[in-house]
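Reader: I am new to reading protein models, and I would like to learn how to go through one feature at a time. Could you take me through this example slowly?

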Amino acid sequence: MSTTSVKNVANQFVCDLVAYEPGKPIEETARELGLDPATIVKLASNENPLGPSPMAQEAMRNEIDQVHIYPDGGGYKLRSALADRHGLEIENVVLGNGSNEIIELLCHCFLNPEAELIAAEHAFVVYKLMATLFGAKYVEVADPDFIHDVDGMADAITENTRLVFIANPNNPTGTLVGQDALDRFMDRLPEHVVAVFDEAYYEFLEDAPDTLKYVKEGRNVCVLRTFSKAYGLAGLRIGYGMASPAVASLLQKARQPFNANAMAQAAALAAMNDGDHVQQTLDTNNTGLAYYEKAFAARGLEYVPSVANFILVKVGDGDVLFQKMLEQGVIVRAMRGYKLPEWVRISVGTQAENERCIEVLDEVLAS
Ligand SMILES: *Cc1c(COP(=O)(O)O)cnc(C)c1O
């Protein structure tokens, strides 16, 4: 019998991977600390504090008695609606099991051990995980003041570069790159590189830059959006990419046949048309962001002004603060994984949740 450990025969790229650490779940926190789940406030994963749209809930209920049938693998209704909404053709739209899946599909299509992926120093961590998984070289470009330096990112492009990720606004920093800088970047983008604009928080923006124009011009770009954040459907796993037909058709080949499930497709289609729910979400978020900024300023805490539904604040030892707040039933996100050990990221909740968060923060900082 062989004594070889499976580790010795596993794909080295997988062995090298540091697993993604999600926001701590409410149920797990309740179990570990003996707390009542109903009293726990989770502000750790940028979820919608108002819950899913009532119209999406209704659409899901209508779908229940048909789930013995495979979903429309072509996602016709949802892709058509998304194409109409954005002035695109259905061929431009690719559905994903969350927009995270589209990130992985892009890597399937364009990465290998010779390829390079460029991202910003404090970019969304999934890009680095995916580069590692595919054995590609991860090239990190400094982002002074937590803002992507897209000129520096263009400078970093080599003949081996295949993907450049621009998270706009970025998570966890909440900062945005403006139109002029994006145009300048696109002017310098060579034909052998695909620019990916990760716009998971797009709906929260008041003055959003236009990246779909690059898709319409047929450039090598992919714009990522999701139903997980403003639309409140994170648990369903549904997101999409909008890309030139050349890029989109590659992504379609790389995906699983039924990657977007039937409940998710139905709910997303309904949520898209629930303008009231989105508006309430934005109002709640604007109130909450203003509340946090004022609260941090009053306490002399440094923070990064955010245009998204979360905010980064400097607290001393982020891991300790996270743990102490957790014990009081408030879940925030420590940022050591982003090389920001002195910071935590707080998602904007309902006003009651935000006030509870600051109350607990005060208690912990005073102790
Ligand atoms: C939350 C998030 C996503 C995607 O989430 P999905 O739930 O997979 O759609 C993508 N990019 C960034 C920057 C995010 O913060």
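Predicted model: local features only at pLDDT ≥ 70, side-chain atom pairs only at ≥ 80, totals over all residues.

Author: Between domain 1 and domain 2 the count is 1 salt bridge. A salt bridge pairs a side-chain nitrogen of Lys or Arg with a carboxyl oxygen of Asp or Glu, the two lying within 4 Å. K339 and E140 meet this rule, since their closest N and O atoms are 2.7 Å apart.

Reader: Which residues make up domain 1 and domain 2?

Author: The domain assignment gives domain 1 as 8–51 + 275–366, written in two pieces, and domain 2 as 54–271. The C-alpha centres of these domains lie 24 Å apart, and their contact takes 31 residues from domain 1 and 33 residues from domain 2.

Reader: How much area do domain 1 and domain 2 bury between them, and which three residues supply more than any other three on the side of domain 1?

Author: Together the domains bury about 2,600 Å², and 69% of this area is on carbon and sulfur atoms. On the side of domain 1, F13, V307 and Y338 supply 23% of the area buried against domain 2, which is more than any other three residues give. Polar contacts are also found across this interface, where 6 residue pairs are counted. The elements α2 (12–15), α13 (275–298), β10 (310–314) and β13 (343–347) each bring at least two residues to the side of domain 1 that touches domain 2, and α13 gives the most, with 6 residues.

Reader: How many salt bridges does a search of the whole structure find?

Author: The search finds 15 salt bridges. One of them joins K128 to E140, with the closest N and O atoms 3.6 Å apart. This pair links distant parts of the chain, because K128 sits in helix α7 (residues 126–133) and E140 in strand β4 (residues 137–141), 12 residues apart.

Reader: Which other pairs could I look at for practice?

Author: You could look at R184 and D151, whose side chains meet in a salt bridge at 2.8 Å, N to O. Here R184 belongs to helix α9 (residues 179–187) and D151 to helix α8 (residues 150–155), and the partners are 33 residues apart. R184 is partly exposed at 42%, and D151 is partly exposed at 28%. Salt bridges can also share partners, as they do where K24, E28 and E32 are joined into one network. Another pair is K42 and E47, which meet at 3.0 Å, N to O, and E47 is partly exposed with a relative accessible area of 32%.

Reader: How many disulfides does a search of the whole structure find?

Author: It finds 0 disulfides. A disulfide requires two cysteine sulfur atoms within 2.5 Å, and the sulfur of C107 is 9.2 Å from the closest cysteine sulfur, in C109, so this distance is too far for a bond. For C222, the nearest cysteine sulfur is that of C109, 9.5 Å away.

Reader: Are C107 and C222 buried or exposed?

Author: C107 counts as buried because its relative accessibility is 0%, and C222 is likewise buried, with a relative accessible area of 0%.

Terms used:
Residues numbered from 1 in each chain as written. Heavy atoms only, no water. Buried < 20%, exposed > 50% of the residue type's maximum accessible area, 1.4 Å probe, protein only. Helix = DSSP H or I, 4+ residues; strand = E, 2+ residues; numbered from the N terminus. Domains from an automatic or database assignment. Contact = heavy atoms within 4.5 Å. Buried area = accessible area lost by both parts, 1.4 Å probe. Polar contact = N/O pair within 3.5 Å; in protein donor to acceptor, adjacent residues only side chain to side chain.
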